[in-house]
Amino acid sequence: MKGFGHWGEASTAAWLCLRDEGGWWTVEELENELQCFSRSELRRSLKNLAHRQHLRHRVLKNRVVYGLTLSCTPIQGHVLNPQLSLFSDARKFIQCTDRGISIQRS
């Protein structure tokens, strides 16, 4: 399996979710989708990814939303096109369990 590199699990899962699902998401929406990460952890990860041009953010109606565009840079070990990736859905390799995060390895 491709490693998380220096991004960490929350950043990798958030980036893959935004890439695969498309559209623009708030931190709260991502928190509902990726329930094993806290809102503060996701907010910090998204700001870091946006700062490094791996995703974009917009302010819409007094809320910040995040998404990927063709001008974004893929994170290390991944591609912008989900059909070319081994892991096209973050939920397929990062599972939330009662004991924390379980990473599925192939």
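Okay, one definition before we start: a salt bridge here is a side-chain nitrogen of Lys or Arg within 4 Å of a carboxyl oxygen of Asp or Glu. Keep in mind that this is a predicted model.

With that in hand, look at Glu31 and Arg39. Their side chains form a salt bridge, with 2.8 Å from N to O. Arg39 is partly exposed, because its relative accessibility is 35%.

Arg43 has a relative accessible area of 32%, so it's partly exposed. Glu28 is also at 32%, so we call that one partly exposed too.

In total the structure has four salt bridges. Another one pairs Asp20 with Arg19, and there the closest N and O atoms are 2.7 Å apart. Is Arg19 buried or exposed? It's buried, because its relative accessibility is 7%. Asp20 comes out at 22%, so that residue counts as partly exposed.

Okay, on to helix α1, residues 8-21. With 14 residues at 1.5 Å each, it should span 20 Å, and the end C-alpha atoms are 20 Å apart, so the two agree. It's mostly covered, with ten of the 14 residues buried, including Trp15, Leu16 and Cys17. And just after α1, Gly22 takes a positive phi of about 70°.

Notes:
Residues are numbered from 1 along each chain as its sequence is written. This is a predicted model: local features need pLDDT of at least 70, side-chain atom pairs count only at pLDDT 80 or more; totals for chains, interfaces and linings use all residues. Side-chain values use heavy atoms; hydrogens and water are left out. Helices (H or I, at least four residues) and strands (E, at least two) are DSSP runs, numbered from the N terminus. The expected span of a helix is 1.5 Å times one less than its number of residues. Buried means under 20% relative accessible area, exposed over 50%, partly exposed in between (1.4 Å probe, protein chains only).
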